[in-house]
Amino acid sequence: MVIAHNKKKKYNHNKKEEENNNNQERLGTNPRAERERSSPCEGRDNPRNGRELDSPRSDTVDKNTAASGKTVDSPRSEKAGSAASDKMDDLVESLKSKKGLSTLDDDFVRDKIERIFASNNIIKRKFHSSASFKQFSKSQEHEELQKRIRKELRAIYGVFQTDESDRMKLLTRLRTTHDDTERREIVDGLLGTHTSTKERLPHYDEIYSVLCEKISPETVVDLGCGMNPLAHHYFAQHNCWPTILASDISADDMKFLDECFAALSIPGKTVALDLTKDDDIAKLPALTKDADVTLLFKLLDSLEEAKRHISYKLFDNIKSKWIVASFPTKSLGGKKNIARAGRSWFERLLARKGLAWETFSVENELFYVIKK
Ligand SMILES: C[S@@+](CC[C@H](N)C(=O)[O-])C[C@H]1O[C@@H](n2cnc3c(N)ncnc32)[C@H](O)[C@@H]1O
């Protein structure tokens, strides 16, 4: 394990540099800021291609108004409204039917569809002018929409999931087994159902020894948590027994984690949050103000891909004493190395926020331990 400290000198230098950059940015004369604007999340493709899609809601409002029949009283338009919402429901269902996506919330998928509609009028018009989902599903526009959305959903969620039915089987076994060794094997099996925790399994002991030594947390908020909260026993190995508040996008996954917490007597609860939504981010101050640490393990790349610069908002709203953020140092499957320099955008964020940090790394993951 490598532990590195950000030296004060370097930090002061960074701060000056950042002030300069900020000034230049305000004046529009900083070429680096220009580069950043088009590449916020180095090392990853940005499917949104720098387009701002912050107001996808206007279309939703139109459609919902039509769907609810509030503006027009005739039964014919009521019928049209309900047909439109059936069409949307069918589209959502068909998109979720692919492996790894079925536990996503309908609203989350609907929101992604509306974002594509907001950026592509041709797809949107084809959808609204089709008499039924069946008719739309035969069009080229449907194919294009399906391709884009599945790519996006898989990148931020589905790519990390393995077979969901395995999880249920493991939970059932957990509920009926009292042998400690077997229970431990089952928990490792559960951690293995999510790519990130599977990769981290050989390193948990090392990672949690650093966290317990530095922070000794009694309360932990784990955002974009995946299955990570089930690694709670690694805290216990280092004399910590923290209460966990776990959060990810899928309400189904959060319900599953709640059931695991009960079966494993982990002191914790869950809340489903979409951290690209302002309403959900606004809940973070209350959720984190009494926590010792907020974990952002391998989360920020996904969020930045969905919404550029969202990490700044996240850091403004997290009120815990510490934040521990991690990043993969290898691409999924371990084929490509992601250079440390690829996280320079994140170190700039920390410098701009005036935060001190240390780093340590294990085989495939780089950790930032940040004092708020
Ligand atoms: C690479 S995984 C990391 C999981 C876990 N933190 C870990 O390291 O074991 C990224 C996680 O971020 C979650 N995620 C992606 N977009 C999100 C969003 N908009 N809001 C909340 N969570 C999100 C995904 O569902 C996924 O579980």
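Why does Phe133 count as buried? Phe133 is buried because 20 other C-beta atoms lie within 10 Å; the term applies to a residue with 20 or more other C-beta atoms within 10 Å of its own, whereas 12 or fewer make a residue exposed and counts in between partly exposed, with C-beta atoms placed from the backbone.

The model is predicted, and local features need pLDDT of at least 70, side-chain atom pairs count only at pLDDT 80 or more, and totals for chains, interfaces and linings use all residues. Residues are numbered from 1 along each chain as its sequence is written.

**Overall architecture**

The secondary structure of the protein consists of 19 helices and eight strands; these are DSSP runs numbered from the N terminus, helices being H or I of at least four residues and strands E of at least two. Of its 372 residues, 31% are buried. Contacts require C-beta atoms, placed from the backbone, within 7 Å. Among contacts between residues at least 6 apart in sequence, 69% join residues at least 24 apart.

**Nonpolar cores**

A nonpolar core is a set of buried Ala, Val, Leu, Ile, Met, Phe, Trp, Tyr and Cys residues joined through C-beta atoms within 7 Å. The largest such core has 63 residues, of which Leu296, Ile323, Val324 and Ile370 touch the most other members. At least three of its residues come from each of domain 1 (57-156) and domain 2 (180-371), with bounds taken from an automatic or database domain assignment. Another core, of 10 residues, lies apart from it and includes Met88, Leu91, Phe127 and Phe133.

Phe133 is placed in helix α7 (residues 133-137). Phe133 and Asp86, 47 residues apart in sequence, are 8.1 Å apart in space, C-alpha to C-alpha.

**Ligand shell**

Around the ligand are 21 residues, with Ser196, Gly224, Gly226, Leu275 and Phe297 coming nearest; a residue is near if its C-beta atom, placed from the backbone, lies within 6 Å. Helices α11 (195-200) and α17 (300-306) are the elements that give two or more residues to this shell, and α17 provides the largest share, three residues.

**Strand pairing**

Strands β7 (residues 356-362) and β8 (residues 365-371) run antiparallel and are joined by seven bridges; pairing requires at least two DSSP bridges. The two strands form a hairpin with two residues between them, and Ala356 stands opposite Lys371 in β8.

How values were computed:
Two residues are in contact if their C-beta atoms, placed from the backbone, lie within 7 Å.
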